[in-house]
Amino acid sequence: MNHTTPIDSEDRRIIQLTQTGLPLTPRPYHAIAEQLGLSPTEVMTRLEKMLAEGIIRRLGVIPNHYALGYRANAMTVWDIPDDLIDTFGEQIGQLEFVSHCYRRPRHLPRWPYNLFVMVHGRTRPEAEEKIEQIVTLLGTSQRGYKILYSTRILKKTGLRLGE
Amino acid sequence: MDSLDSLDRLIINHLQGGFPICERPYLEVAKYLHISEAVLIERLAQLLDKGLLSRFGLLYHAERLGGALTLAAMSVPETEFDQVTAIVNAFPEVAHNYARDHELNMWFVLATEQPERVPEVIQEIEAQTGLTVYNMPKQTEYYVGLRLEV
């Protein structure tokens, strides 16, 4: 993993100011610039650069999927042979109903699952219909899977860059 | 779902894909959606107020900022569940925490600005709860993004 910090203090201030929300005014980047004592052009250039470099994943809306009716949030976990996981990870990640698809370490013997796939449905049957598509895609290439539904949100503050 | 009309849906679906960086970004999006800038801004404010949008802004990449993220799980006895929840949630590094229906019944995301804080926080949680924390950091990211059609 790359542990360097490729941003300077101005970039950091821009992120701190925008991580909770962009100003809802006609010229939002100008408003940010004014607050930080920078020029609007500099704020926009820095944002574009951070987007291009992937430091900012994206700008836009983050829907509250629960409030929007997606009540069945299934974390599905799969035991995939190591030599096949990259191929299937890429394929499953492309399915339109998948929001996250990651490889993570097993903890044997208790936890044999190495592929984590988040699937969202309005209802459990709807989520399970989607999960069936993953079962079909994997065929005999998976050695077992589990569906872990969230039963309660215990904390949700999201990522926050501190002061 | 109650108060979502077709314009709300259009806005949510469109803005999940990104937001422009220019002098009048709302105007640019509004033109594309054939509405006025003022209406777009008002709708976004309402969607945020009603909690239908968690956020409107930027999503940054923690690791590329030099920080670290991990997913961790614990098997918490039901009788201790509330107590353990309070201990875990008290750490500012815990960004999300979910109860899930499995023997490993507590799943939380740790986000730290200093990568070395991850093992420290895990040790502190283990020390305070007396329970094992299973650390499951991401090894490969195949996809991340929300594309919920509403």
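**Figure 1. Arginines over tyrosine rings in the predicted model**. A:R71 lies over the face of A:Y66, 4.6 Å from the ring centre. In chain B, B:R100 lies over the face of B:Y98, and here the figure is 5.3 Å from the ring centre. A charge sits over a ring if NZ of Lys or CZ of Arg is within 6 Å of the ring centre and within 35 degrees of the ring normal. The model is predicted: local features need pLDDT of at least 70, side-chain atom pairs count only at pLDDT 80 or more, and totals for chains, interfaces and linings use all residues. Residues are numbered from 1 along each chain as its sequence is written, chains are lettered from A and ligands numbered from 1 in the order in which they are written, and side-chain values use heavy atoms, with hydrogens and water left out.

**Figure 2. An aromatic cluster with members from chains A and B**. A:W111, A:Y113, A:F116 and B:W107 make up one cluster. Rings of Phe, Tyr and Trp (its six-membered ring) pair if their centres lie within 6.5 Å; planes under 30 degrees apart count as stacked, over 60 as edge-to-face and the rest as tilted. By this rule there are eight aromatic pairs over all chains. One of them, A:W111 with A:Y113, is edge-to-face, at 4.9 Å centre to centre and 80° between the planes. Both residues of that pair, A:W111 and A:Y113, are buried. A:W111 also pairs with A:F116: the centres are 6.1 Å apart and the planes stand at 40°, so this pair is tilted. Buried means under 20% relative accessible area, exposed over 50%, partly exposed in between (1.4 Å probe, protein chains only). A:W111 has 0%, and A:F116 has 4%.

**Figure 3. The largest nonpolar core**. A nonpolar core is a set of buried Ala, Val, Leu, Ile, Met, Phe, Trp, Tyr and Cys residues joined through side-chain atoms within 4.5 Å. This one holds 42 residues, and A:Y29, A:L47, B:F19 and B:L44 touch the most other members. Elements giving two or more residues include α1 (9-18) and β1 (56-63) of chain A, and α1 (6-15) and β1 (53-60) of chain B. B:F19 touches residues of chain A, among them A:L22, A:Y29 and A:L59, and residues of chain B, including B:Y26 and B:F56. Contact means heavy atoms within 4.5 Å. A second, separate core of 22 residues includes A:F97, A:L138, A:Y149 and B:Y142.

**Figure 4. An open sheet of nine strands**. The order is β5(B)-β2(B)-β4(B)-β3(B)-β5(A)-β2(A)-β4(A)-β3(A)-β6(B), with antiparallel pairing. Helices (H or I, at least four residues) and strands (E, at least two) are DSSP runs, numbered from the N terminus. Two strands pair if DSSP finds at least two bridges between them. At the edges stand β5 (134-136) and β6 (140-144) of chain B; each has a single partner strand, so one side of each lacks a neighbour in the sheet. The twist averages 25° from one strand to the next. Axes are lines fitted to C-alpha atoms, for helices over the stretch in contact, and angles run from 0 to 180 degrees between N-to-C directions.

Figure 5. B:T70 stands opposite B:L110. In chain A, five of the six residues of β3 (residues 98-103) are buried.

Notes: Lists of a residue's contacts leave out its neighbours within four places in sequence.
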